[in-house]
Amino acid sequence: MKVNYNAITGLIAVAALAASTAALADTVTVTPSTSTWFFSNDGFPNASQTFVVGPGTPPLGAGSVEWTVDSSGTATFGTLAYSGTLFANLTTLQYSSYNVTAIAPATVSLSFDVDFNLTDSNNSYQGRLEFKPSFTGTVLNGQWQTWDANAGRWWASDSSASGGLCGVGAPCTRAEVLANWPHIGLRAGAGAMLLKLDGPISGGATAAADKLVINGTTYDFEQDPAPPTSACGGFTDVATDSIYCNQVEWLKNRGVTLGC
């Protein structure tokens with residue numbers, strides 16, 4: 001039997017292109033001007049946050065989201081897109097973080113506004129369920145690190161709502177969380193998924209995060225692109241602020257040049 005290797009190679013190339021296109025379609029670029037994500041300093045005045053280029057070489061794109069807090073501050077960056085989602089259905093929760101400056105290593109955590117039972121009628125604020133990298137790994141300064149939150153440990157910030165389970169001194173694995181509260185999830189309507197840099201951190205800290213993966217969606221945090229330079233006389237290769245703009249327009253108006 002004669003095998004058409006060219007055809008097979010072509011099919012492989014088409015399949016690879018389709019897979020690549022699908023992967024790109026699942027990446028959402030979050031920028032200041034296009035984002036429904038929001039910043040909060042959790043009521044601490046000495047906390048700030050912004051989109052930056054870097055630090056270092058981010059795991060996706062050229063930028064990241066960055067926070068600076070003092071020794072008592074907290075700063076968060078979040079989305080309401082997953083409100084009402086069961087924790088059991090969040091099968092992938094990963095992100096990368098980078099400590100820029102800190103006397104003691106800072107911690108960029110992943111947390112959400114929790115409802116311990118999404119099937120009942122109580123959707124009041126019940127604190128947050130939070131993954132802290134320091135519970136399961138060593139947080140380092142000056143390098144990007146990737147964290148798999150579902151493979152780590154979580155703690156519940158409101159001990160009265162959680163019945164004292166999974167406290168900060170005894171954080172729980174994902175399996176233990178789901179065993180305690182099978183219907184736990186993000187509060188309906190108001191449950192934010194949050195990346196957070198929080199104190200107390202001796203001397204304060206600056207840290208960044210990028211490439212947040214939630215199930216099949218990857219979030220890339222980037223600054224807004226620079227606005228395009230306006231053209232002089234309709235020529236895209238001459239900017240309006242060029243010292244030659246007047247001369248170019250003089251030539252165009254007299255028909256000396258109609259091209260570039």
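## The overall picture

This is a predicted model, in which local features need pLDDT of at least 70 and side-chain atom pairs count only at pLDDT 80 or more, while totals for chains, interfaces and linings use all residues. Residues are numbered from 1 along each chain as its sequence is written, and side-chain values use heavy atoms, with hydrogens and water left out.

The protein has 4 helices and 17 strands; these are DSSP runs numbered from the N terminus, with helices being H or I of at least four residues and strands being E of at least two. Of its 260 residues, 40% count as buried. Here buried means under 20% relative accessible area, exposed means over 50%, and partly exposed lies in between (1.4 Å probe, protein chains only). Among contacts (heavy atoms within 4.5 Å) with a separation of 6 or more, 69% join residues 24 or more positions apart.

## The nonpolar core

In soluble globular proteins, nonpolar side chains tend to be buried together. A nonpolar core is a set of buried Ala, Val, Leu, Ile, Met, Phe, Trp, Tyr and Cys residues joined through side-chain atoms within 4.5 Å. The largest one here has 43 residues, and L110, W154 and F221 touch the most other members. Strand 14 (residues 205–214) gives the largest share of this core, with 5 residues. Apart from it lies another core, of 5 residues, including F235 and V248.

Which residues does L110 contact, leaving aside neighbours within four places in sequence? Among them are L93, Y95, F131, W154 and L212.

## Charged pairs

Side chains of opposite charge can pair when their charged atoms come close. Counting a salt bridge as a side-chain nitrogen of Lys or Arg within 4 Å of a carboxyl oxygen of Asp or Glu, there are 5 salt bridges. One of them joins D42 and R128, whose closest N and O atoms are 3.0 Å apart. D42 lies in the loop between strand 2 (38–40) and strand 3, and R128 in strand 8 (residues 128–131), so this pair ties together parts that are 86 residues apart in sequence. D42 is partly exposed at 29% relative accessibility, whereas R128 is buried at 15%. Together with D113, D42 and R128 are linked in a network of salt bridges.

E130 forms a salt bridge with K196, with the closest N and O atoms 2.5 Å apart. K196 is in strand 13 (residues 193–198) and E130 in strand 8, 66 residues apart. Both K196 and E130 are buried. K132 also forms a salt bridge with E130, at 3.5 Å between the closest N and O atoms.

## Residues worth a second look

The side chain of S96 makes a polar contact with the side chain of T146 at 3.0 Å. A polar contact is a pair of N or O atoms within 3.5 Å; within protein, one must be able to donate a hydrogen and the other to accept it, and residues adjacent in sequence count only if both atoms are side-chain atoms. S96 also touches K211, a residue of strand 14 with a positive phi near 50°.

Now for the backbone of a loop. The peptide bond from G54 to P55 is cis, with omega near -10°, and P55 sits between strand 3 (47–53) and strand 4 (63–69).
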